[in-house]
Amino acid sequence: MSPFLEFFREAAAVADAEVRKLRRDPTELLSRAVQPVLWLAVFGQVFSQVRGIPTGDLRYLDFMAPGILAQSILFSAIFYGIAIIWERDLGIVHKLLVTPAHRSALVFGKAIAAGLRGLVQAAVVYLVAILLQVHIRWEPLPVLTVAAGVFVGSCIFSTFSLFIACIVKTRERFMGIGQVLTMPLFFASSALYPVQLMPGWLQALAAVNPLTYLVGALRGSMIVGGTSVHALGTSFGIMLLVFALLLALASKLYPGLAR
Amino acid sequence: MPSSAPPVAISTVELTKRYGEFTALDRLDLSVPRGRIFGLLGPNGAGKSTTIKILTTLLDASSGSATVAGFDVAADPVEVRRRIGYVPQLLSADGALTATENLVLSARLHGLHGRIRVARVSEALAFAGLEAVANKLVRTFSGGMVRRLEVAQATLHRPEVLFLDEPTLGLDPVARKTVWERLRQLRETEGMTILITTHDMEEADVLCDELAILHQGRLAVLGAPEALKAEIGPDATLADVFVRFSGAVLDHGGSYREVRESRDTVRRLG
Ligand SMILES: Nc1ncnc2c1ncn2[C@@H]1O[C@H](COP(=O)(O)OP(=O)(O)OP(=O)(O)O)[C@@H](O)[C@H]1O
Ligand SMILES: [Mg+2]
């Protein structure tokens with residue numbers, strides 16, 4: 001069998017098992033949706049009223065909705081590392097690693113599962129956005145673009161999280177580092193405010209932050225009148241590149257979890 | 001292809017593992033012929049799990065070499081992985097999945113697909129005696145059920161060599177004997193080579209054909225249980241052999257505690 005086909009079959013096996021686990025635990029999925037609801041319903045509503053952040057012709061709530069979608073993707077994907085450390089402590093990782101499966105397929109399978117989970121999460125955020133009367137674009141192409149962005153974004157941040165987990169290896173250290181990493185990622189992106197409003201140093205950070213490109217792709221497609229700073233092709237190109245890089249790094253470190 | 005496989009299933013040459021200054025495994029030389037049930041004994045921290053992890057390609061040796069099923073663990077890890085099964089020290093079937101799902105995942109990662117996979121998975125469920133609970137979540141299983149599942153899971157792909165790290169730890173006497181029976185069955189029907197670690201002297205005595213006692217990372221003694229006992233004296237038990245070669249004292253239960261110092265058992269999983 002071709003190694004390529006083998007790779008995808010192995011990744012599919014891992015993703016399948018992950019998705020089964022997710023389906024059994026919908027409460028977890030729903031509880032992760034609480035945060036975006038609060039951001040949109042409270043923060044978004046208030047800032048729309050005060051018009052504190054200039055967003056051109058867009059209502060602030062509309063401007064913010066794609067940012068909150070991206071944020072919810074980031075925050076839930078970043079928990080993947082905890083799950084990996086948990087699996088390490090239980091010896092599940094060891095069992096996967098003694099199979100002849102490609103190490104990269106094991107990591108890729110987890111990323112796919114995270115991507116699928118992200119899509120469910122996006123559906124919840126859409127629901128909240130509808131309730132708050134955000135002006136959503138419903139043409140097929142924009143909706144598919146958002147889905148693709150959500151999927152790739154989830155892959156990126158879950159693999160990033162796995163990568164960190166492979167380095168720190170314990171839950172306590174991961175919890176500390178998880179906080180330290182997600183907050184800057186979130187605030188040094190265009191999720192809550194246009195990049196142009198940031199001071200120069202923050203703009204520089206935002207330019208190398210994958211979340212910025214995810215927010216850009218989503219903002220250009222999700223809402224009526226939304227525009228992206230970067231061309232769609234640029235955003236997706238950079239995101240795929242970042243994912244490929246993280247996949248390579250994480251696959252290199254993943255076997256170290258058994259040590 | 002058992003007929004063309006080499007007669008030696010596992011061999012190590014001066015196998016050494018260092019963690020910084022600390023030497024966990026010190027120039028271990030072992031040779032296990034095919035079809036044996038081989039027991040690795042030794043006090044906590046003797047280097048048993050370390051040895052298994054190197055032989056299963058989970059851990060790199062610091063120096064020395066090892067071959068399993070004819071392949072070098074460092075040079076051909078994937079070929080080794082195709083030919084081995086591994087049951088870790090802690091119960092580690094995925095509790096959030098059912099018995100069938102655990103088996104299917106392993107089968108798929110070993111490249112078993114289609115009808116073969118379906119057949120192997122149902123064989124495995126029968127082998128483990130878990131057909132009635134095949135679609136129950138593993139987290140609802142008893143320790144004995146999980147262990148049976150794990151043995152079945154580790155042998156789905158018909159490995160040549162099976163590694164089990166303390167396979168009967170924490171099992172009741174009946175569950176323990178069931179696991180022994182399964183292992184003997186695999187040796188008889190498949191000609192499988194089986195390497196286990198254990199702290200259970202009875203298990204070492206009745207299950208294993210040959211034993212190695214490790215002490216502080218070194219091979220202290222090697223031989224068949226009968227021969228080892230005979231060496232000590234006419235009425236010697238395996239426990240006496242163990243005490244003699246490992247500097248440990250035994251509790252009445254047949255397990256022992258270390259005399260010199262209490263080891264860091266938090267690390268058990270490593
Ligand atoms: N990652 C590690 N870093 C440092 N030392 C380690 C590491 N893993 C194991 N050790 C040490 O290596 C020694 C051998 O450990 P190992 O797990 O092989 O022992 P064992 O014989 O399996 O013991 P047990 O009967 O408790 O399972 C121990 O002293 C342990 O503390
Ligand atoms: Mg051990």
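Is A:Gln133 buried or exposed? At 60% relative accessibility, A:Gln133 counts as exposed, where exposed means over 50% relative accessible area, buried means under 20%, and partly exposed covers what is in between (1.4 Å probe, protein chains only). The residue sits in the loop between helix 6 (103–131) and helix 7 (140–168) of chain A; helices (H or I, at least four residues) and strands (E, at least two) are DSSP runs, numbered from the N terminus. A:Gln133 also has a positive phi of about 60 degrees although it is not a glycine.

This is a predicted model, in which local features need pLDDT of at least 70 and side-chain atom pairs count only at pLDDT 80 or more, while totals for chains, interfaces and linings use all residues. Residues are numbered from 1 along each chain as its sequence is written, chains are lettered from A and ligands numbered from 1 in the order in which they are written, and side-chain values use heavy atoms, with hydrogens and water left out.

On the confidence side, the predictor gives the complex an ipTM of 0.91 and a pTM of 0.90. Chain B averages a pLDDT of 90, and 89% of its residues score at least 70; pLDDT is the predictor's confidence in each residue, from 0 to 100. Residues 251–270 of chain B are another matter: pLDDT stays under 50 there. For that stretch the model has 45 contacts beyond four places in sequence, a contact being heavy atoms within 4.5 Å.

As for the overall make-up of chain B, its secondary structure comes to nine helices and 12 strands. Of its 270 residues, 55% count as buried. Among contacts with a separation of 6 or more, 67% are between residues 24 or more positions apart. The accessible surface of chain B comes to about 11500 Å², with 51% belonging to carbon and sulfur atoms; such areas come from the Shrake-Rupley method with a 1.4 Å probe, and for residues only the protein chains shown count as cover.

Now for the ligands. The magnesium ion (ligand 2) has B:Ser49 (OG) and B:Gln89 (OE1) as its protein donors, lying 1.9 to 2.3 Å from it. Donors here are N, O and S atoms within 2.8 Å of the metal (3.2 Å for Na, K and Ca), and water is not among the atoms, so sites may look incomplete.

Ligand 1 is surrounded by 17 residues, the closest being B:Asn44, B:Gly45, B:Lys48, B:Thr50 and B:His199; a residue is near a molecule or strand if one of its heavy atoms lies within 4 Å of it. Helix 1 of chain B gives the most to this shell, with three residues. Polar contacts are pairs of N or O atoms within 3.5 Å; within protein, one must be able to donate a hydrogen and the other to accept it, and residues adjacent in sequence count only if both atoms are side-chain atoms. An N or O atom in the side chain of B:Thr50 is 2.5 Å from an oxygen atom of ligand 1, and for B:Glu166 the corresponding distance is 3.5 Å. A polar side-chain atom of B:His199 lies 2.8 Å from an oxygen atom of ligand 1. Taken alone, ligand 1 exposes 640 Å², and the protein buries 84% of that.

Two further residues of chain B are worth a look. B:Arg187, in helix 6 (residues 173–190), counts as buried because its relative accessibility is 18%. Beyond four places in sequence, B:Arg187 is in contact with residues including B:Gly35, B:Ile194 and B:Asp209. B:Phe127 belongs to helix 4 (residues 114–128) of chain B and is buried at 16% relative accessibility. Its C-alpha atom is separated by 9.8 Å from that of B:Gln185, 58 residues apart along the chain, and B:Gln185 is also among its contacts.

Back in chain A, A:Ser161 lies in helix 7 and, at 1% relative accessibility, counts as buried. A polar atom of the A:Ser161 side chain lies 2.7 Å from the backbone nitrogen of A:Gly81. A:Lys169, in the loop between helix 7 and helix 8 (171–187) of chain A, has a positive phi of about 70 degrees although it is not a glycine. A:Lys169 is partly exposed, with a relative accessible area of 24%.
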